[in-house]
Amino acid sequence: MTAAPDGAVKLGYIGLGNMGAPMAKRLVGWPGGVTVFDVRADAMTPLAELGVSLADGVADVAAADVISVTVLNDAQVRDVVAELAEHAKPGTVIAIHSTISPETAVELAETLREKGIHVVDAPVSGGAGAAANGELAVMVGADHEVYERIKPAFKQFASMVIHAGEPGAGTRMKLARNMLTFTGYAAACEAMKLAEAAGIDLGQLGRVVRHTDKLTGGPGAIMVREDTSTLGPDHWLHDTFTHARGLGEKDLSLALALGETTGVDLPLAAMALKNLAAGLGVPHTASNTKE
């Protein structure tokens with residue numbers, strides 16, 4: 001690899017697994033150069049063939065200005081950050097892309113701040129395919145000045161880079177986002193049980209759900225409010241969400257009735273029926289129970 005231009009930001013990447021490898025590949029050609037490391041030598045080979053510099057260990061990556069870390073869990077993150085901290089210069093940014101505990105991100109940021117090293121949490125969402133295409137969403141917990149410094153590098157593998165707040169905020173946002181995903185999976189499993197008991201072809205149902213999710217946006221379609229307080233009658237979403245409440249409660253009630261007929265327990269649907277109105281910000285009151 002040719003020498004980096006004077007003053008160019010040097011990037012480092014540690015952890016070349018299912019997410020890390022495609023993210024690191026998106027950094028190939030970065031003006032300041034990229035140095036990568038993984039404990040598995042074979043994981044580095046494809047990047048070496050693209051002209052990326054390979055490190056012999058974590059410490060060798062510490063010379064970079066912005067270092068991305070994508071490893072398995074909190075313990076591995078702590079080990080990697082501790083080793084980097086022994087060698088990194090003040091001003092270095094260590095970006096943790098792994099999904100870890102928010103407390104871990106806050107603790108590491110506070111501990112290394114006195115050394116002038118910036119630890120930021122920057123978990124990603126979208127999967128390996130999005131990483132390969134540069135379409136990830138990155139949720140960054142960092143001081144604003146640091147966020148602005150690292151954003152250009154992150155834009156190489158992400159089409160959305162969000163400043164979630166201070167260190168730890170990126171992880172908190174990611175946990176809320178993933179909670180929706182896996183709660184949705186559980187609800188999908190419940191829906192499949194109901195459909196199967198009712199004699200519906202699950203493959204065909206899946207095709208319909210995937211098709212209509214593209215059209216309606218799925219759960220994300222209602223996530224457009226500034227807060228979760230009750231909506232007043234003059235709020236721009238009030239009538240739309242009141243309409244959605246009516247449709248949702250009708251359809252959930254019908255699904256629960258079908259569950260009773262087929263002998264399928266639907267606890268998530270029952271909870272949704274109970275909580276939907278208040279969740280949308282249009283709870284039932286004495287004045288609207290006849291709507």
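Modeller: Residues are numbered from 1 along each chain as its sequence is written. In this predicted model local features need pLDDT of at least 70, side-chain atom pairs count only at pLDDT 80 or more, totals for chains, interfaces and linings use all residues, and side-chain values use heavy atoms, with hydrogens and water left out.

Colleague: Glad to start! Is His97 buried or exposed?

Modeller: His97 sits in the loop between β5 (93-96) and α5 (102-113); helices (H or I, at least four residues) and strands (E, at least two) are DSSP runs, numbered from the N terminus. Buried means under 20% relative accessible area, exposed over 50%, and partly exposed in between (1.4 Å probe, protein chains only). Since its relative accessible area is 3%, His97 is buried.

Colleague: Which side chain does the side chain of His97 join in a polar contact of 2.9 Å?

Modeller: A polar contact is a pair of N or O atoms within 3.5 Å; within protein, one must be able to donate a hydrogen and the other to accept it, and residues adjacent in sequence count only if both atoms are side-chain atoms. At 2.9 Å, the partner of His97 is Ser68.

Colleague: And why does Gly29 count as exposed?

Modeller: Look in the loop between α1 (20-25) and β2 (34-37), where Gly29 has its place. Gly29 counts as exposed because its relative accessibility is 68%.

Colleague: How far apart in space are Gly29 and Gly281?

Modeller: In sequence, Gly29 and Gly281 are 252 residues apart. In space, C-alpha to C-alpha, their separation is 48 Å.
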